[in-house]
Amino acid sequence: MPTTSRHLTVSAVVARALAAHITDCFGVMGNGNAYLLDALLDPRVVGTPVTYTAVRHEAGAVVAADAYSRTSGRLAAATTTYGAGFTNTITALAEAVQARTPLVLVVGDAPTAGARPWDVDQPAMAAAAGATMFTVGRDDAAATTEHAIAHALTHRTAVVLAIPYDLAAADAGEAVVDRMPAVTPTTAVTPDPEALDAVAGLLEAAQRPFLLAGRGAWLAGAGAELGRLAEATGAVTASTALGRGIFPDQRYDLGVTGGFGHEDAMALVHEADLVVVFGASLNQFTTRFGALFAPGTRVVQVDLSAHATNPAVTDFVPGDARLAAAGLADRLAARGTTPSGWRESIDVAPLRVRETGDGVAADGRLDPRSVAARIGELLPDDRVVVSDGGHFIGWANMYWPVASPDRMIMVGTAFQSIGLGFASVPGAAAAHPESTIVLTTGDGGGLMAIADLESAVRTAAGRGIAVVWNDTAYGAEVNLYGLKGLNEQPMRIPEVDFAAVARGFGADGVVVRTLADLDALQGWTARPPEERPFLLLDCRVSPHVIAPYQREIIAINS
Ligand SMILES: Cc1ncc(C[n+]2csc(CCOP(=O)(O)OP(=O)(O)O)c2C)c(N)n1
């Protein structure tokens, strides 16, 4: 591709700069991005056209790009028009910022001459969501686009790139700058060698060492080194909800810590005499609101943050999780350390067995635990699970094994938003073209996101499944405020026939009232992909079976 451009429009210059870094873009078109989209799809402008996936609500554009990035590790773009198109993205944008997902949202904006009656202060709105907005000019469109991308990658964040309305189709002239040098990833932060010496000493002396890893460790590519460290120390391991599957040897892994964890596994964590945490913020959910580690336990945290992020941390080591794990494993090897033997002394098999209920709950509706367990048995192994938020979030997390952290993502949990589920499907589907994409969502969040059921059905035909935990309620709210005695009327949802809605969008929709109805999933997986549409399982579950993690939250709130 040439490094200079002559007589392209400003939108085309942006598209060309963008296409050098991304292959996929998700969006909704309008006045503000019409020329950009035309350019992104034009091989004369961008060489290899970007794959554009239309979604149906602008929040979905950012959600899809976010899900793409979380499941592939690659940058993606989203695009919307100005004004209402942009403001529709704000919740999803805040989520991407708070989850530290690098992505670029390209939007239209007010003309350079000044705002029209329908323009709003977009830079202020972006800033309020935590995103920096970069506005291209006639002469600097390529450089500004490169800056925006560099900012997103360097700071692991979402940025907004705005094209003023009067410039979108304007000639960018001949003064288009050369492409800036390729954006290089930031160098990993090397942990202090003396700090690692000290931690190695602690690990050597520990009789029951426990290693906990989170998403930061996954992003650092620390899995193999953590495996080496676990072997060298004989440590029992576990991960946070966002780090599931990171330890290579699952024989000694307790699974997920916190409220999604097995009660007996969490009791084992209490026995640890040393905890070393890699790339995990130790939030309230991971630490069971402070109850995860026995009081007085030595807790080392290795993290990129500026300081320890939980009061239980006794020793903080700033640095990259992979470098730290490797440095520790090397030190133990050099010292000829004998592994503690703790991990061989425990049997994790019983810790994987969950309470599955009797199929039907006391109210005659399905027991969600039984449904989750059965679906877990039937799902294809090569899958990516995307989750909306709500009480139901526990079911997938407790009952469906996860192969690696990029195969279970929850767009919405950072900002604690519901309603970002359906649009996660097109993002994950684009990132993993061979895998089955499984959405888990509530009826409340599902209804909020319903416009992008259409996108899910269209983009994941043949390999997409949505599991709707249809409990006729905003269950998380009932479990918190209903149980406190507040009026439940605002918390209830009439029973919606999601299966019928899905059929309206061209999917297979199945109402699941008995466990036997889940045979439809078995039948679906047995069919060749080209012969099966998207499958939606409308699971009529009881609102009265409360997940253990929610009980913890109830206890804290009461
Ligand atoms: C955008 C947004 N609106 C409202 C809330 C408050 N909220 C949190 S959980 C929840 C209920 C979710 O209901 P549903 O999707 O049916 O899942 P359930 O809790 O019933 O399993 C609500 C309304 C939120 N977190 N985000």
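Me: Which residues does Thr91 touch, not counting residues up to four places away in sequence?

Reply: Thr91 touches Phe415 and Ser417 on that count, where contact means heavy atoms within 4.5 Å. This is a predicted model, in which local features need pLDDT of at least 70 and side-chain atom pairs count only at pLDDT 80 or more, while totals for chains, interfaces and linings use all residues. Residues are numbered from 1 along each chain as its sequence is written, and side-chain values use heavy atoms, with hydrogens and water left out.

Me: Where is Thr91 found?

Reply: Thr91 is in helix α6, residues 90–98. Helices (H or I, at least four residues) and strands (E, at least two) are DSSP runs, numbered from the N terminus.

Me: How far apart are Thr91 and Leu420, in sequence and in space?

Reply: They are 329 residues apart in sequence and 9.0 Å apart in space, C-alpha to C-alpha.

Me: Why does Thr91 count as partly exposed?

Reply: Because its relative accessibility is 36%. Buried means under 20% relative accessible area, exposed over 50%, and partly exposed in between, with a 1.4 Å probe and protein chains only.

Me: Which residues of α6 are buried, then?

Reply: Ala92, Leu93, Ala94, Glu95, Ala96 and Val97. They pack against α4 (58–72), α5 (84–87), β4 (103–109) and β6 (158–164). Just after α6, Arg100 takes a positive phi of about 60°.

Me: Switching to strands. Which way do the residues of β1 point?

Reply: In β1 (residues 24–27), Asp24 and Phe26 point one way and Cys25 and Gly27 the other, and all are buried. In a regular strand the side chains alternate between the two faces of the sheet.

Me: What does β1 pair with, and over how many bridges?

Reply: β1 pairs in the parallel sense with β2 (residues 51–54) over 4 bridges, and with β3 (residues 76–80), also parallel, over 3 bridges. Two strands pair if DSSP finds at least two bridges between them. Tyr52 in β2 is the bridge partner of Cys25, and Thr79 in β3 stands opposite Gly27.

Me: What is the strand order in the open sheet with 6 strands?

Reply: The order is β14-β13-β15-β16-β18-β17, with parallel pairing. β14 (408–409) and β17 (508–512) are the edge strands, each pairing on one side only. Inside that order, β16 (residues 464–470) and β18 (residues 535–540) pair over 6 bridges. Trp469 stands opposite Cys539 in β18.

Me: What lies between β16 and α19?

Reply: A loop that holds Thr472. Thr472 has a positive phi of about 55° although it is not a glycine. At 16% relative accessibility, Thr472 counts as buried.

Me: On to the ligand. How many residues surround it, and which are the closest?

Reply: 17 residues surround the ligand, the closest being Asp443, Gly444, Gly445, Gly475 and Glu477. A residue is near a molecule if one of its heavy atoms lies within 4 Å of it.

Me: Which polar atoms lie by the oxygen and nitrogen atoms of the ligand?

Reply: A polar side-chain atom of Glu477 lies 2.8 Å from a ligand nitrogen. A polar side-chain atom of Asp471 lies 3.0 Å from a ligand oxygen, and a backbone N or O atom of Ala473 lies 3.0 Å from an oxygen atom of the ligand. A polar contact is a pair of N or O atoms within 3.5 Å. The protein covers 77% of the 580 Å² of accessible area that the ligand has on its own, by the Shrake-Rupley method with a 1.4 Å probe.

Me: Which elements give two or more residues to the shell around the ligand?

Reply: α17 (443–448) and α19 (475–482) do. α17 gives the most, with 4 residues.

Me: What is the shell made of, by class?

Reply: 6 nonpolar, 8 polar and 3 charged residues. Ala, Val, Leu, Ile, Met, Phe, Trp, Tyr, Cys and Pro count as nonpolar, Asp, Glu, Lys and Arg as charged, and the others, Gly among them, as polar.

Me: And what do the buried residues of α19 pack against?

Reply: They pack against α22 (548–557). The buried residues in α19 are Gly475, Val478, Asn479, Leu480 and Gly482.

Note on methods. A polar contact is a pair of N or O atoms within 3.5 Å; within protein, one must be able to donate a hydrogen and the other to accept it, and residues adjacent in sequence count only if both atoms are side-chain atoms.
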